[in-house]
Amino acid sequence: MKGAAMSRFRALLSRQRSARVLMYHRIHPERAWLNVSPEDFLWQMRLIKAFFTPISLGELVDCLRSGRLLPSRAVVITFDDGYRDNYEKAFPILRRLGIPATFFVTTGLIERPGYFWWDQVRLGLKDEAQILEAWPEMREELAGLAHPQRVERVTERLKQIPHDRARRILERICLPVAPAEPETMTWSQIREMVRAGMEVGSHTVSHPILAQQTREEVEWEVRHSKTVLEQQLGCPVEHFAYPNGRPCDLQPDLPRILEEAGYLSACTTVERFVGAHSSVYGLERLGVSGFDPPVKFLLRLTGLWPR
């Protein structure tokens, strides 16, 4: 992009006073919906550095709370879950380019063996007959599906039932697969990122779907994860990301619970730019997928990609 075309592109972006909050999960070479390859992540960050204004989530929230005008072309980078490749692959790129980011950590899985439950389904789901033996009400939903589609359907249905029941079912329908090395970052790695200027937020203790939890369970997930993070990192933890993050995954009183616990913001997975319309406890984000071609990534950042 050169000359007049670049000038027109910058002018288009400068007129936009909304922020794009990007949501990543893994920076990993395996092609998958939640994975972005290290090579793709590098060119994405270089593009953001060249044409946009990377800001921290804290700065975005401060603008919204104070009524200050957002910087033009503002972009916020966030990561959910706490995967180890966030530190090994994403952090070096972010630090080299001087781009801030917020990492939402599931505290109960840090330095613990095993996979996140959705990865356990993806890697260890048994055959249809064994699933139905443990979960007979899935018979109609799984009929005729190939294995990849069964994985998707089972994953989605597990999100719709109470966390304890989902965990019991998971134990019966999945093989006991285990990673060769830890899947999550260590506390030492997270502390190093904080010292380098990155923000860390809570993604609960155990990653439950909060709509399926009692109020007491929600309050424990919200407060205990914050306490653990602040004890481990030695700094305030002010931001939260809802697991799964769709409106159907939330409870109406969550903003009040978060505010009373001391959080200043919370991120959803609702796909939209953040602007004056946004609630600080319902910040919208754009999920970045490993299947997005470069033109789609760019047009989504400009707001020109059709929804």
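Me: Which residues line the largest cavity?
Reply: The lining of the largest cavity is made up of L22, L286, V288, D292, F297, R300 and L301. On a 1 Å grid over the protein atoms alone, a cavity is a set of points where a 1.4 Å probe fits but cannot get out, and lining residues have an atom within 4 Å of a point. This is a predicted model, in which local features need pLDDT of at least 70 and side-chain atom pairs count only at pLDDT 80 or more, while totals for chains, interfaces and linings use all residues. Residues are numbered from 1 along each chain as its sequence is written, and side-chain values use heavy atoms, with hydrogens and water left out.

Me: And what volume does the largest cavity have?
Reply: Its volume is about 30 Å³. A volume here is the space filled by probe spheres set on the grid points, which are joined across faces, edges and corners. The structure holds 1 cavity of 30 Å³ or more.

Me: Which element gives the most to that cavity lining?
Reply: That is α13, with 3 residues. Helices (H or I, at least four residues) and strands (E, at least two) are DSSP runs, numbered from the N terminus. By class, the cavity lining has 5 nonpolar residues, no polar ones and 2 charged ones. Ala, Val, Leu, Ile, Met, Phe, Trp, Tyr, Cys and Pro count as nonpolar, Asp, Glu, Lys and Arg as charged, and the others, Gly among them, as polar.

Me: Turning to pockets, how much space lies in the largest one?
Reply: The largest pocket holds about 1200 Å³ of space. A pocket is an open set of grid points with protein on both sides within 12 Å along at least five of seven lines.

Me: How many residues line it, and which lie nearest its centre?
Reply: The lining has 37 residues, and W33, L34, W118, T155 and K159 lie nearest the centre. At least two lining residues come from each of β5 (74-81), α5 (117-124), α8 (147-158) and α13 (294-302). The largest share, 7 residues, belongs to α8. The lining comprises 12 nonpolar, 11 polar and 14 charged residues.

Me: What is the volume of the second largest pocket?
Reply: It is about 460 Å³. This pocket is lined by 23 residues, with W117, Q120, H163, R167 and L170 closest to its centre. Two or more of its lining residues come from each of α5 and α9 (163-173), and α9 gives the most, with 5. Its lining divides into 13 nonpolar, 7 polar and 3 charged residues.

Me: New topic: F79. Is F79 buried or exposed?
Reply: F79 is buried because its relative accessible area is 0%. Buried means under 20%, exposed over 50%, and partly exposed in between, using a 1.4 Å probe and protein chains only. F79 lies in strand β5.

Me: What is F79 in contact with, apart from its neighbours in sequence?
Reply: Leaving aside neighbours within four places in sequence, its contacts (heavy atoms within 4.5 Å) include Y24, F41, L94, T102 and F104. T102 is 23 residues from F79 along the chain, yet their C-alpha atoms are separated by 6.3 Å.

Me: Which residue of β7 is the bridge partner of T102?
Reply: It is E199. Strand β6 (residues 102-105) runs parallel to β7, and 4 bridges join them; two strands pair if DSSP finds at least two bridges between them. In β7 (residues 199-202), E199 and G201 point one way and V200 and S202 the other, and all are buried.

Me: What about S265? Which side chain does its own side chain touch in a polar contact?
Reply: The partner is the side chain of H239, at 2.7 Å. A polar contact is a pair of N or O atoms within 3.5 Å; within protein, one must be able to donate a hydrogen and the other to accept it, and residues adjacent in sequence count only if both atoms are side-chain atoms. S265 sits in strand β9 (residues 265-267) and is buried, with a relative accessible area of 0%.

Me: Finally, where is H207 found?
Reply: H207 is in the loop between β7 and α11 (215-233). Its phi is positive, near 60 degrees, in a residue other than glycine. N244, also not a glycine, has a positive phi of about 70 degrees, and lies in the loop between β8 (239-241) and α12 (254-261). H207 is buried at 10% relative accessible area, and N244 counts as buried at 18%.
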